[in-house]
Amino acid sequence: MPITQTPDPASVISEAIEGIFATVAEVRRLALASHAAAVAEGRAFLDPDVRGLAPAFVDLLEAPDQLAVGLGIILEPGTLPSHPLRLEWWQRSTGRDAPVPLEVDLHPDSVGFYDYMAADWFAVPRRTRARHVVGPYVDVHGTDRYLLTLTMPMEADGRFLGVAGADVPITGFETVVLRRLGTAEAILVNDEGRVVVSTTSRWITGCLLPDHERRPGVPLAELPWELLEPPLPEPARAASRGEG
Amino acid sequence: MRLLSGDARDALLTPLDGGGRSQAVARRLGSAIALGLLEDGEQLPSESQLAATLNVSTLTLRDALAELRSWGLVETRRGRGGGSFVRMSQAALARLSHDRLAEVGVSDLRELGDMHSMVAGSAAHKAAERASPTELARLRDLVSRMADARDATELHRLESRYYIEMAAAAQSARLTRLEIELQGDLAQVMWRLQTDRSAAAVAAGRAAVVEEVARHRGDRARRLTEEQVADDTRRLIDDHIATTRSSAS
């Protein structure tokens, strides 16, 4: 008898996310190599070094099956002598063939100030020196899209240089996960109790799970995420309430 | 510079008669200075580059820059290291918004208020369901900085950020984009509110909304927001009527 295997939601999700982290790790490798080359030449890491990373970032974005729509590095203030705040971030945007650089407003007094030091995707890896996933969230003053942002800290000789990261539209991530889940049920929530992906329309992407709906979840390895037990189907819910 | 792309299409940005395209562009740049998107002392991109960004001819842009110069918001230096530089001037912005307010109609202001009420009210309502602790902390921080605002410019910028962050906390990219657009439109006239709004009162009102959002009371957060927007709109309309009447005498 053939065994129809229901995929394990935890491995489906891990696989999808690790694929994106592999891209982030490559972004980090490229940036750190450029930094190391500058150090080897006995000079400071400079703005042209950062700009020089662009073609490699574009290649990564254009790789087949790339889920990330944006990627690059965001630097810790002080890393470049010339710029207090600096990011080199490339993105694919709808209606354009070639990736374009993300231009953000880095004036602290502006209404549109992109305060990346305060963003969890920067602040958390800076504090913990470990990778992080933020979202779904609206990347306000940045791409203005609804995203997951994955970041890894960049360090050289113990000094924090900033983060390497990638943006994945939540819709793209959800599509991949739902396709691979088959008939398995899952509710994936982040560390703020926000639904990342779910197989039920009762709790959809972006909503916060109220405390009374929180059931014990299974934490996913090295991710700020938890898989919750799938909800009972509606009639069974009613029946179980009637019994209780 | 992101608010500046595309056409200067909005009713509030369009001059009444005869002013034409260059005046609309000048106003758009004036809004950008008001919102801090263009910083005091910042050098503007080259004329051809800026014209391309704004999607206008260099001739139109040149006229717009001349207008900004006459208002004292741009300074042009010749020679090496020369170019056009932004000059932030509270007085110039106040005069600009005064002129602008005299020019528009009551119905323009009412419509802008209606639209803002709809967007900001819905954002607050949904944020009460969906705002995370991080997002609430960011809103609280903005509100407390509003209370300490040094001048009308800072108060207005923080308030704009507050509305935009509220829409983001609602987890809606669409509402966020609408709110950003509205703040661009409002930038020109909101300066008029500086005289009759105290930073403390504005901050207290917004703080009350944030606390309703934190308690998941969406209906109250929406109602308070709608009242605040209506209140600001009414002030603008009063001001507009008074300004228009006085200009006749």
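# Domains, sheet and helices

Student: Hi! How many Å separate the centres of domain 1 of chain A and domain 2 of chain A?

Tutor: The centres of domain 1 of chain A and domain 2 of chain A are separated by 30 Å, taken over C-alpha atoms. Keep in mind that this is a predicted model.

Student: Thanks. What residues does the domain assignment of chain A give for the two?

Tutor: Domain 1 of chain A covers 9-171, and domain 2 of chain A covers 183-243.

Student: And how many residues of domain 1 of chain A are in contact with domain 2 of chain A?

Tutor: Nine residues of domain 1 of chain A are in contact with 13 residues of domain 2 of chain A. On the domain 1 side, α1 (9-40) and β4 (132-138) of chain A are the elements that give two or more residues.

Student: Which element gives the most to that side of domain 1 of chain A?

Tutor: That is α1(A), with five residues. By class, the side of domain 1 of chain A that touches domain 2 of chain A has seven nonpolar and two polar residues, with no charged ones.

Student: Let's zoom out. How many helices and strands does chain A have?

Tutor: Chain A has six helices and ten strands. Its C-alpha atoms fill a box of roughly 75 × 50 × 40 Å along the principal axes, and 39% of the 244 residues of chain A count as buried.

Student: Which strands of chain A make up the open sheet of six?

Tutor: The order is β3-β2-β1-β6-β5-β4 (chain A), and the pairing is antiparallel. β3 (100-101) and β4 of chain A stand at the edges with a single partner strand each, so each has one side without a neighbour in the sheet.

Student: Is β1 (residues 70-75) of chain A buried or exposed?

Tutor: Mostly covered: six of the six residues of β1 in chain A are buried. One side holds A:Gly70, A:Gly72 and A:Ile74, and the other holds A:Leu71, A:Ile73 and A:Leu75, all of them buried.

Student: How many bridges join β1(A) to β2(A)?

Tutor: Six bridges join β1(A) to β2(A), running antiparallel, and A:Leu75 stands opposite A:Arg86 in β2(A). β1(A) is also joined to β6(A) by six bridges, again antiparallel. In that pairing, A:Gly70 stands opposite A:Asp167 in β6(A).

Student: Where does helix α5 (residues 170-181) of chain A lie?

Tutor: Helix α5 of chain A lies across β4, β5 (146-156) and β6 (159-169) of chain A, and runs at about 65° to β6(A).

Student: Switching to chain B: at what angle do helix α1 (residues 20-35) and helix α8 (residues 173-190) of chain B pack?

Tutor: They pack at about 90°, and their axes are 9 Å apart. α1(B) and α8(B) are therefore roughly perpendicular to each other. In the contact, α1(B) uses B:Arg27, B:Gly30, B:Ser31, B:Ala34 and B:Leu35, while α8(B) uses B:Gly184, B:Ala187 and B:Gln188. Three residues of the contact are nonpolar, four polar and one charged.

Student: Last one! How many residues of chain A are in contact with chain B?

Tutor: 17 residues of chain A are in contact with 23 residues of chain B. The chain A side has six nonpolar, four polar and seven charged residues.

Methods:
Residues are numbered from 1 along each chain as its sequence is written. Chains are lettered from A and ligands numbered from 1 in the order in which they are written. This is a predicted model: local features need pLDDT of at least 70, side-chain atom pairs count only at pLDDT 80 or more; totals for chains, interfaces and linings use all residues. Domain bounds come from an automatic or database domain assignment. Two residues are in contact if their C-beta atoms, placed from the backbone, lie within 7 Å. Helices (H or I, at least four residues) and strands (E, at least two) are DSSP runs, numbered from the N terminus. Ala, Val, Leu, Ile, Met, Phe, Trp, Tyr, Cys and Pro count as nonpolar, Asp, Glu, Lys and Arg as charged, and the others, Gly among them, as polar. A residue is buried if 20 or more other C-beta atoms lie within 10 Å of its own, exposed if 12 or fewer, and partly exposed in between; C-beta atoms are placed from the backbone. Two strands pair if DSSP finds at least two bridges between them. Axes are lines fitted to C-alpha atoms, for helices over the stretch in contact, and angles run from 0 to 180 degrees between N-to-C directions. Angles under 35 degrees count as roughly parallel, over 145 as roughly antiparallel, 65 to 115 as roughly perpendicular and the rest as oblique.
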